[in-house]
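Let's take a walk through the charged side chains of a protein model. Have a look at the structure below, and then we'll go pair by pair.

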Amino acid sequence: MHPTRKAALTAIALLAVATAGCEPGAASTSSHRSSAEPGCPTALTRAKQAVKKAEATDAPWKGPTTGPQAAGHGKSVVFIAHDLSNPGPAGVAQGVQEAAGLLRWSARTLNGQGTPAGYRAAFKKALAMKPDGIAIAGFDPGSVPDEIKQATAAGIPVIGWHSVPTPGPAGDPALFSNITTRVEDVAKISADWIIAHSGGRAGVVLFTDATVPFAKHKSDLIKKELATCSDVKLLSYQNMPIPEVNKRAIGEVRSLLSRYGDKWTYSAAINDLYFRHAAAALRAAGKDGAGAPFNIGAGDGDPSAFQRVNGERFQAATVPEPLTEQGWQIVDEFNRAFADKPASGYVPAVHITTAANSGGALSWDSEGYRQAYRKIWGK
């Protein structure tokens, strides 16, 4: 059983308390609440129901159970990461390596360095290797259209991870499939968590990377959902490209604290990485790691994010991608492409991890995905 399942009763008990109106963090956020009802009772009720469902810890495998047996030994795939300092693509890359190793395929990982020039250089290097498949992770295929056309012409399927807004096959440039949870679901549940946890009253800072269309789309959706509650105020919409977060986060956080002070009670970011670097500035400002601003990462749920959530150190929640599982899914999708079969169409459901329901785990994946894929592949 996954470690997170052990804390289910604790999570349910805490949710019951929250539903009764005494939510986690209520004492710490009393300064921005009043005794009056929030201006969004309908949105608050709906948000609480959605969050309760997303915090459930049972995650039986709902992915594919049939498909082609594994292609023969000797296949080769290349995984191009947006930036290996981003723990999301790095975690997926590990899953690809693990699954490819089981099938005795060769798997190489290349670093796109977080720039269009870097993506193109890495893709050209991948093409020179003449692999059987290429995966791109965390960047827009529109930044490498010519390279993808070259791959297609050479009969090399290209698979994306968080590369376009929707899961499944994509058009121009052509992707055999794009692996992701539904960005609409991730964005909505992240905003709903803020609405529910705050009791419908919050001052929010939203962090995004506007250079990545997928990330910008996600943050725009978070903004839209926050707006369904009139007493949840978006204080600032901060554009901070992921490759610059380690340099800019401390200065940006200091500026925000100076500008908004205690009005800043919640944060959401398109990636947990933002809170890794924001923590130092919040700590230096004398903020309590378990108090406001309460931070939720709308992806990717890497181990360091789980550590912050578990230890209540400047991150209260994450909406994790099943990173290792998605690495295995990428290998399965390649195997389907090699067999001239369609993509699986599998889309993981969203989940919220907090200290109350994590059970001390450092990742979130469905139960039994390895066994399911091994059975499909005949391994």
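Start with Arg276 and Asp302, whose side chains form a salt bridge with an N to O distance of 4.0 Å; that name is used for a side-chain nitrogen of Lys or Arg within 4 Å of a carboxyl oxygen of Asp or Glu. Arg276 sits in helix H9 (residues 273-284) and Asp302 in the loop between strand S10 (294-297) and helix H10 (303-311), so this pair ties together parts 26 residues apart in sequence. Helices (H or I, at least four residues) and strands (E, at least two) are DSSP runs, numbered from the N terminus. Asp302 is buried at 4% relative accessible area, while Arg276 is partly exposed at 37%. Here buried means under 20% relative accessible area, exposed over 50%, and partly exposed in between (1.4 Å probe, protein chains only).

A quick note on the model: it's predicted, so local features need pLDDT of at least 70 and side-chain atom pairs pLDDT 80 or more, while totals for chains, interfaces and linings use all residues. Residues are numbered from 1 along each chain as its sequence is written, and side-chain values use heavy atoms, leaving out hydrogens and water.

Next up, Lys124 and Glu147 make a salt bridge at 3.1 Å, N to O. Lys124 belongs to helix H4 (residues 116-128) and Glu147 to helix H5 (residues 145-153), so the link joins parts 23 residues apart in sequence. Glu147 is buried at 5%, and Lys124 is partly exposed at 45%.

Finally, Arg46, Lys188, Asp192 and Glu225 are linked in a salt-bridge network.
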